[in-house]
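Here is a short report on how two chains are built and how they meet. Please have the model open as you read.

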There are 2 protein chains.
Amino acid sequence: MTEKRPYILVTNDDGITAKGLRILIDTAKKFGDVLVVAPDSHQSAKSHSITQAAPIRFDKVVEEPGFKEFSISGTPVDCVKLAIHELSDRKPDLILSGINHGANTSVSVLYSGTMAAAIEGGLHNINSIGFSVDNHSSEADFSPVIPYMEKIIKEVIEKDLPNGVSLNVNFPDVTKVDVKGIKTMRGANGVWGEKFVPANDPHKRKFVWITGKLTNYDEGKDDTDLYFIEKGYATVTPIKVDFNYYSFIEELSDWDFNG
Amino acid sequence: MTEKRPYILVTNDDGITAKGLRILIDTAKKFGDVLVVAPDSHQSAKSHSITQAAPIRFDKVVEEPGFKEFSISGTPVDCVKLAIHELSDRKPDLILSGINHGANTSVSVLYSGTMAAAIEGGLHNINSIGFSVDNHSSEADFSPVIPYMEKIIKEVIEKDLPNGVSLNVNFPDVTKVDVKGIKTMRGANGVWGEKFVPANDPHKRKFVWITGKLTNYDEGKDDTDLYFIEKGYATVTPIKVDFNYYSFIEELSDWDFNG
């Protein structure tokens, strides 16, 4: 750790009014100066999307010594990019995203705006952590996770993550169970299958709501996030983006279309 | 290949009116029965986002023997999910996404709606291919890519991709150069750095437009998509989603927060 107080960017995908964000901000303030750049509206399941087709509006809503807060008409990844390139006094030492209302285990990382913000931070070689709790209610009290978040944040600041790597931290439903401990685990392989529920529309147009159910391909495997969340543990998963499927490149190079 | 004509889902992220989509539909029709499920508006850079906070509207716009077309008030991934679960006669044999107006090389895969649709297809173990051309103009004529797309589609139908794998196919700017050939290559490592351009707003509110520049960490390396696109080749990259950074799990398990 340098002498200087760490400079911490806080964002989320549930929007600037979310209870989970407020707990994360209070936790961040214990570790350093804090810049909040959060979406002005719900941005769940926005994945890594950015706002290209419209200009982005931003408003400073709080400015105090060591603390600034901005509201952004964009996605979580917009927030991180705008924070890094426009709104920060200096390059953040740490990005904290969440606390998400709902777990981001297994393949949900792909859809999550909370984790996209952390991943974007990792791409810029900034220590980045996404926090999520397995409870979707906007009213849920996530304060039991504070001591666990503090333990993880403290150690990340001390040791630094490898370049390009972010952490995905998931908690069980702390409104119902006590956290038994923290386990570093891989994310389970899985897939979301959808059900579309017809919406009632007074104008008789056809609408549907998306709903889904996760199939865990690693059911019962004791080295996954889903296994330990179910048992009441928090899980930490190191995340890195690399879409290349290297082990198939050689075989595909032999297909006839090459030349 | 089975006796039955392949059933092909076509989608994109530039929206149902895009010229690139029309070329892809015409190409798909040569190979099988076609279901088009495309966004009703521009959905560039929407990544893997899904529409959770609003109901999705869908309208059938064409129905002919062996051909149906739906317009969807959602993202490319919404289109794939809705197609698979609600709008298909049977499970598609092939998903084609694009032709995107703009390249999706290197780390752009993470932001691209076109590639997200192909990746979603891969997650459902459906042969899926995203096509993109390195020209952003909505007026650009992409017809020179047709014979190359046909070669790739034909072979994918014959041989099948491994489960969970999709293909990312990028073409150079075919309005300016002849395609020299097709090369299977990994996606280059890189990162998008942003510049935010102030927007003129008659009400004097603060707006910015996001713009960006890709830094290629693999500059000069001759096994990447960016290297060969620059030289006038089309590139094919096998894509698989796995965010776990396995090589760091053991070390992270030894950090003090575990227990």
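## Terms and model

A crossing of two helices counts as right-handed if the near helix is turned clockwise from the far one by less than a right angle, and as left-handed if it is turned anticlockwise. The crossing of α2(A) and α3(A) is right-handed. Everything below refers to a predicted model.

## The helix pair in chain A

Two packed helices are described by the angle between their axes and the distance between the axes. Helix α2 of chain A spans residues 76-87, and its axis comes within 8 Å of that of α3(A). The two axes cross at roughly 30°. Angles under 35 degrees count as roughly parallel, so α2(A) is roughly parallel to α3(A).

Which residues make the contact? From α2(A) come P76(A), V77(A), C79(A), V80(A) and K81(A). From α3(A) come G113(A), T114(A), A116(A), A117(A), E120(A) and G121(A). By class, the contact of α2(A) with α3(A) holds 6 nonpolar, 3 polar and 2 charged residues.

Strands of a sheet pair through backbone hydrogen bonds, either parallel or antiparallel. One open sheet has 11 strands with mixed pairing. Its order is β8(A)-β11(A)-β7(A)-β6(A)-β5(A)-β1(A)-β2(A)-β4(A)-β3(A)-β10(B)-β9(B). At the edges are β8 (182-184) of chain A and β9 (190-198) of chain B, each pairing on one side only. On average, neighbouring strands are turned by 25° against each other, direction ignored.

Where do the chains join in this sheet? Strand β3 (residues 56-64) of chain A pairs with strand β10 (residues 207-216) of chain B. The pairing is antiparallel, over 2 bridges. In one of them, R57(A) has F207(B) as its bridge partner.

## Helices on that sheet

Helix α1 (residues 19-29) of chain A packs on the sheet. It touches β1 (7-11), β2 (33-39), β5 (94-101) and β6 (127-133) of chain A. The direction of α1(A) makes about 150° with that of β5(A).

Helix α3 (residues 113-123) of chain A lies across β1, β5, β6, β7 (166-171) and β11 (234-239) of chain A, together with β9 of chain B. It runs at about 170° to β6(A).

## The matching sheet

A second open sheet of 11 strands, also with mixed pairing, has the order β9(A)-β10(A)-β3(B)-β4(B)-β2(B)-β1(B)-β5(B)-β6(B)-β7(B)-β11(B)-β8(B). The edge strands are β9 of chain A and β8 (182-184) of chain B. Here too, neighbouring strands are turned by 25° against each other on average, direction ignored. Within chain B, 6 bridges join β3 (residues 56-64) to β4 (residues 67-72), and these strands run antiparallel. K60(B) stands opposite F70(B) in β4(B).

Helix α2 (residues 76-87) of chain B packs on this sheet. It touches β9 and β10 of chain A, along with β1 (7-11), β2 (33-39), β3, β4 and β5 (94-101) of chain B. Its direction makes about 135° with that of β2(B). Helix α3 (residues 113-123) of chain B also packs here, touching β9 of chain A and, in chain B, β1, β5, β6 (127-133), β7 (166-171) and β11 (234-239). Its direction makes about 170° with that of β6(B).

## The helix pair in chain B

The axes of α2(B) and α3(B) come within 8 Å and cross at roughly 30°. That makes α2(B) roughly parallel to α3(B). The crossing is right-handed. Among the contact residues are P76(B) and K81(B) of α2(B), with G113(B) and E120(B) of α3(B).

## How the chains meet

How many residues does each chain give to the contact? Chain A gives 67 residues, and chain B gives 67 residues. On the side of chain A, two or more residues come from each of β3, α2, α4 (146-159), β8, β9 (190-198), β10 (207-216), β11 and α6 (249-253). The largest share, 5 residues, comes from α2(A). By class, this side has 34 nonpolar, 17 polar and 16 charged residues.

Chain A can be laid on chain B with an RMSD of 0.0 Å. This takes a turn of 180° and a shift of 0.0 Å along the axis. The two copies are thus related as by a two-fold rotation axis. Of the interface residues of chain A, 100% are also interface residues in chain B, so the copies meet through the same surface.

Note on methods
Residues numbered from 1 in each chain as written. Chains lettered and ligands numbered in written order. Predicted model: local features only at pLDDT ≥ 70, side-chain atom pairs only at ≥ 80, totals over all residues. Pairing = 2+ DSSP bridges. Helix = DSSP H or I, 4+ residues; strand = E, 2+ residues; numbered from the N terminus. Axes fitted to C-alpha atoms, helices over the stretch in contact; angles between N-to-C directions. Contact = placed C-beta atoms within 7 Å. Parallel < 35°, antiparallel > 145°, perpendicular 65-115°, else oblique. Nonpolar A, V, L, I, M, F, W, Y, C, P; charged D, E, K, R; others polar. Least-squares fit on C-alpha atoms with pLDDT ≥ 70 in both.
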